[in-house]
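Please read this briefing alongside the sequence and the structure shown below. It goes through the sheets, the helix packing and the chain contact in turn.

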Amino acid sequence: MLEAHGLTKCFGGLTAVRDVTTSFEKNRINAIIGPNGAGKTTFFNLVSGYHKPTSGRIVFDGQDVTGLRPDQVAKLGVARTFQSTNLFDQATVLDNLIVGHRLRTTSTFWDVVFNTRRLREDEHRCRAKAEEVLDFVGLSSVAHHLAADISQEERKRVAFALALATDPKIVLLDEPAGGVNPEETLGLAELIRKMIRKGLTVCLIEHKMDMIMSLADKIVVLDHGEMIAEGTPAEIRSNQRVIEAYLGADYAAA
Amino acid sequence: MTTKTWQKPLLAILLALAIVFPMVAANDYYIYVMSLAYIMAIAAVGLNLILGYTGQLNLAHAGFMAIGAYTVGILTVDYGVPYWAAFVLAGLLSAIIGFFAGLLSLRLKGHFFSIFTLCVGFMIYLIIEKWDGLTHGTVGIIDIPAPAGIGPIRFDNTWSQYYLVLFFLVLSLWLMSRIVHSLLGRAFVAIRNGEDLAETLGINLMRTKVLAFVLSTFYAGLAGALYAGFVRFIGPAMALESHTFDMIAFILVGGIGTLFGPLLGAILLTWLTQSLQFLQDYRMIVFGPLLILLVMYFPQGLIGYWRQRQVRRAAASEKDRRLQRSALSSRQEVQTNA
């Protein structure tokens, strides 16, 4: 589904991602783990088009997407969330989501001036999509609340919903459970499973090991920009290099 | 939901008040001041699109208003072009120059963009001031003709000009309302909330920002063209950044990123300035603290504050209804169980 071939990114003298070759399978939960500064978010930035790789290629769904702009990558079906999501606090949650489906519409400025049927249909479609994804993430009850008034966990769910509104094939989640309590983390993990059941592919960065080990089908471990291991949770848990670099003795397979 | 039902009557009342205003105004001078406030409001509505909705602080806005005003001044006075032809050209020229200025300056982000546009504005000022042959330099352009009559309607007195300006104000607000309530407007707001997130949602940043910039300079150009025909004297100083800051003040007071905020701010501040005229420059002693208090207690501006309360109230009443409903159904359950 998504493949990286020899992906490298240098910022001046610093190599943030070095020669990473891996692939993420369709309809699976893929996880990227590693210590802070390992290059996880940089990897996401490369895949979603924010950074141009210094060398290497990215292939999505059989198509070379290396060097495309973020909005072009998004149109092809790559959605992502950020560690923190800036919502428009003065508007309702639903209002915040309507723009998410804009990329699947075609109306232009002149449609706006003349209030054409195409524009009205597009707006209707975007609103319906927003309601649909809000229902999917279980937030229909706060649809008409100000974005400023919802909880941290609800903000995370809204970020998921915004990504889903773009009709993606793969969703990249950057620390989806950062800053929420253990109970809410379970809820978010269940939501991620629900996305898989719907046919989506997920790739996530996370530090909560309990969540990753029970959730992921495949784990990629980065350290200092290099991939030091990839495999199933069981394989990763027993990998000596991973234990030394990141997991520590607690997670070593007994 | 309830806000929508009485929004239309409220707008009708406001429009009626605006139409009646000249008839009840004590003298022509008041009508003149109100017309000027409307013209500044049109320019501020344009600035609000790029600043309030798209989140890009363009400090060259007064410069683009001056381009509009000078287009009308030069074409009508020096080349005998009819006012309305010059009026249309003024909007177009501002937008065209805005397109190229936007293409260049929007490559920069945040504060760098603002600083760059500050320079663009000052360059416009310098060109107007130094290019004597074209712009009459520091002397300015005098005796600009009033807008030519259309059919039987003539625009040769303060009353008729007031209604002309009001007409364009309503037109500007109507178009802006279309824009900001559409998917396009939502794309602008998405950029303001976070450029990275907007791009992730498939919004072409550069194209969308340039469009907002061009539209806002078009508004500035038309406001400048109206100003030239209304005041009938223009000088290079109107391009200075201090006028942009006036418009920013209108937007902050009325409500940044709200449709009517710039208009409310323009009217309030214009009349406040008028009524404090006797203090001369000391009026800033009143202005400054007022602005600070406003930013502290109403950071969203007056209309922004009001709108926020409306939404909160609607959400709360919806929640109440839901709670009542669930309480009712659980009581029924208890009864059936018993």
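**Overview**

Chain A has 10 helices and 10 strands, where helices (H or I, at least four residues) and strands (E, at least two) are DSSP runs numbered from the N terminus. This is a predicted model, in which local features need pLDDT of at least 70 and side-chain atom pairs count only at pLDDT 80 or more, while totals for chains, interfaces and linings use all residues. Residues are numbered from 1 along each chain as its sequence is written, and chains are lettered from A and ligands numbered from 1 in the order in which they are written.

**Dimensions of chain A**

- Along the principal axes, the C-alpha atoms of chain A fill a box of roughly 65 × 40 × 30 Å.

**Four-stranded sheet of chain A**

- An open sheet of four strands in chain A has the order E2-E1-E4-E5, with antiparallel pairing; two strands pair if DSSP finds at least two bridges between them.
- Strand E2 (14-24) and strand E5 (63-64) of chain A are at the edges with a single partner strand each, so one side of each has no neighbour in the sheet.
- Helix H1 (residues 40-47) of chain A packs on this sheet and touches strand E1 (2-11), E2 and E4 of chain A; its direction makes about 65° with that of E2(A). Contact between two residues requires their C-beta atoms, placed from the backbone, to lie within 7 Å. Axes are lines fitted to C-alpha atoms, for helices over the stretch in contact, and angles run from 0 to 180 degrees between N-to-C directions.
- E1(A) and E4(A) run antiparallel and are joined by five bridges; A:Ala4 has A:Ile58 in E4(A) as its bridge partner.
- Strand E4 (residues 55-60) of chain A pairs with E5(A) in the antiparallel sense over two bridges. A:Phe60 is bridged to A:Gln63 in E5(A), and A:Val59 to A:Asp64 in E5(A).
- The hairpin of E4(A) and E5(A) has two residues between the strands, and A:Asp61 in the turn has a positive phi of about 55°.

**Six-stranded sheet of chain A**

- Six strands of chain A form an open sheet with mixed pairing, in the order E6-E7-E8-E3-E9-E10.
- E6 and strand E10 (226-231) of chain A are the edge strands, each pairing on one side only.
- On average, neighbouring strands of this sheet are turned by 15° against each other, direction ignored.
- Strand E3 (residues 29-33) and strand E8 (residues 201-205) of chain A pair in the parallel sense over four bridges; A:Ile205 in E8(A) is the bridge partner of A:Ile32.
- Helix H6 (residues 152-165) of chain A lies across E6 and strand E7 (170-174) of chain A, at about 165° to E6(A).
- Helix H7 (residues 182-197) of chain A lies across E3, E7 and E8 of chain A, at about 150° to E8(A).

**Helix packing in chain B**

- Helix H2 (residues 28-53) and helix H7 (residues 158-180) of chain B pack at about 20° with their axes 9 Å apart. H2(B) and H7(B) are therefore roughly parallel (angles under 35 degrees; over 145 is roughly antiparallel, 65 to 115 roughly perpendicular, the rest oblique).
- The contact of H2(B) with H7(B) has 19 nonpolar, four polar and one charged residue. Ala, Val, Leu, Ile, Met, Phe, Trp, Tyr, Cys and Pro count as nonpolar, Asp, Glu, Lys and Arg as charged, and the others, Gly among them, as polar.
- H2(B) and helix H11 (residues 241-254) of chain B have axes that come within 9 Å and cross at roughly 75°; the two helices are therefore roughly perpendicular to each other.
- B:Met247, B:Phe250 and B:Ile251 in H11(B) meet residues of H2(B) including B:Met40, B:Ala43 and B:Leu47.
- Helix H4 (residues 83-105) and helix H10 (residues 205-231) of chain B pack at about 145°, with axes 7 Å apart. Their contact has 14 nonpolar, eight polar and no charged residues.

**Contact between the chains**

- 35 residues of chain A are in contact with 28 residues of chain B.
- Helix H2 (70-76), strand E6 (78-81), helix H4 (109-114) and helix H5 (117-136) of chain A are the elements that give two or more residues to the side touching chain B.
- That side of chain A has 17 nonpolar, 12 polar and six charged residues.
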